[in-house]
Amino acid sequence: MNRIVEEDINQILDTDFIDWEQFRDSSFLVTGATGLLGKWLIWTMVMANVQKNLNMQLYALVRNEQKAQRYFADTNIHYIVQDITKPITLDKPIDYIIHCANITDSKLMVERPVETWKTTVLGTTYVLEFAKEKHIKSMVYLSSMEMYGVIDKPIVLEEDQGYIDLLNVRSSYPEGKRASENLCASYKSEYGIPVVIARLAQTFGAGIDSTENRVFAQFARSIIEKKDLVMHTYGEKRQSFCYISDAITGILILLLKGKSPEAYNVVNPDTYTSIREMAEMLVSVYSESGCKVVFDVPEKNIFGYAPDSKLNLSAEKIQKLGWKPTLNLEQIFDRTIKYILQNEYGENE
């Protein structure tokens with residue numbers, strides 16, 4: 001395991017607000033287990049089993065078993081190999097579900113909006129049906145800050161909602177998230193499914209794939225390669241972020257303490273910034289790279305970027321459960337860049 005990832009997971013396991021004993025002898029299903037959050041959850045549970053001897057049974061729902069085996073080599077993981085848009089078949093008891101399966105590539109949301117919708121809404125339907133069948137103890141559905149749409153509020157609370165253009169195909173993602181959240185509330189109301197909603201700020205850090213092309217990965221690699229940070233918008237969108245290990249502790253505390261079927265923002269409020277300011281921060285902090293911020297803005301939104309919005313998410317609700325984020329934006333990029341250097345460039349730092 002990469003050193004940065006191992007350090008972060010050890011910090012998760014030492015977190016004082018997660019009662020790991022509640023997971024002893026339990027069984028977990030993680031969907032989307034080869035995505036960033038999914039594989040981190042599996043890695044964390046594997047190390048928890050080793051260090052805390054919890055005897056947890058871990059099931060990973062994946063589309064590509066070979067890819068999963070590269071991530072989870074030499075670990076006792078049970079694979080469910082299928083598409084999330086099909087009914088889930090497993091003849092084993094399941095206590096906890098964390099539903100991570102999702103499309104995260106903005107360009108795909110524009111090019112394949114129907115598939116985006118099906119993955120989000122139909123996939124969530126089948127996961128909730130499976131949860132009903134298994135009489136689970138708890139489930140967390142990973143939603144997104146994008147479900148808020150375009151909103152004009154200085155601080156965004158969980159009860160707030162903004163505007164989403166239903167005839168814009170890019171809305172397949174945020175509108176799908178809204179529909180899936182309503183599904184969660186509906187399954188709780190009609191069938192008593194104990195499901196909690198995690199509205200994640202943009203989450204990244206160590207463990208990102210070498211194929212990751214979202215803006216944070218583009219910026220990090222530009223710094224490493226001493227190339228200018230090229231922006232395809234004017235960077236006016238303002239939002240909050242979260243480091244991957246902080247997101248994992250947020251998800252786990254919601255699994256144990258979240259109130260069903262409520263939603264909770266998972267975010268570090270100290271990270272609120274615009275994309276342009278983020279780029280300028282990196283150029284300043286890594287001035288030795290000689291990078292500059294340059295603009296190459298196409299006439300049409302060919303990259304599928306979300307509409308400009310200001311999403312300063314409140315973390316007050318989840319913090320009342322005891323959760324505490326640890327890394328600010330500069331620290332998030334520091335660990336992300338160190339990870340990329342080690343994992344993709346073979347360097348120690």
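A disulfide is a pair of cysteine sulfur atoms within 2.5 Å. The structure holds 0 disulfides. The structure is a predicted model, in which local features need pLDDT of at least 70 and side-chain atom pairs count only at pLDDT 80 or more, while totals for chains, interfaces and linings use all residues. Residues are numbered from 1 along each chain as its sequence is written, and side-chain values use heavy atoms, with hydrogens and water left out.

The cysteine sulfur closest to that of C100 belongs to C184. It lies 13 Å away, which is too far for a bond. For C184, the closest cysteine sulfur is in turn that of C100, again at 13 Å and too far for a bond. C100 is buried, at a relative accessible area of 11%. C184 is also buried, with a value of 0%.

Charged pairs were searched next. A salt bridge places a side-chain nitrogen of Lys or Arg within 4 Å of a carboxyl oxygen of Asp or Glu. The whole structure contains 22 salt bridges. One of them joins D160 to K153, with an N to O distance of 3.1 Å. Here D160 is buried, at 11% relative accessibility. K153 is partly exposed, at 33%.

A second pair is formed by R221 and E344, whose side chains meet at 2.9 Å, N to O. Helices (H or I, at least four residues) and strands (E, at least two) are DSSP runs, numbered from the N terminus. R221 counts as buried, with 13% relative accessibility. E344 is partly exposed, at 27%.

D228 and K292 form another salt bridge, their closest N and O atoms being 3.4 Å apart. This pair also links distant parts of the chain, 64 residues apart. D228 sits in the loop between α7 and β8 (229–231). K292 sits in the loop between α9 (275–285) and β12 (293–295). D228 is partly exposed, with a relative accessible area of 28%. K292 is partly exposed as well, at 47%.

Salt bridges also occur as a network. Its members are R3, E7, D8 and R335.

Notes. Buried means under 20% relative accessible area, exposed over 50%, partly exposed in between (1.4 Å probe, protein chains only).
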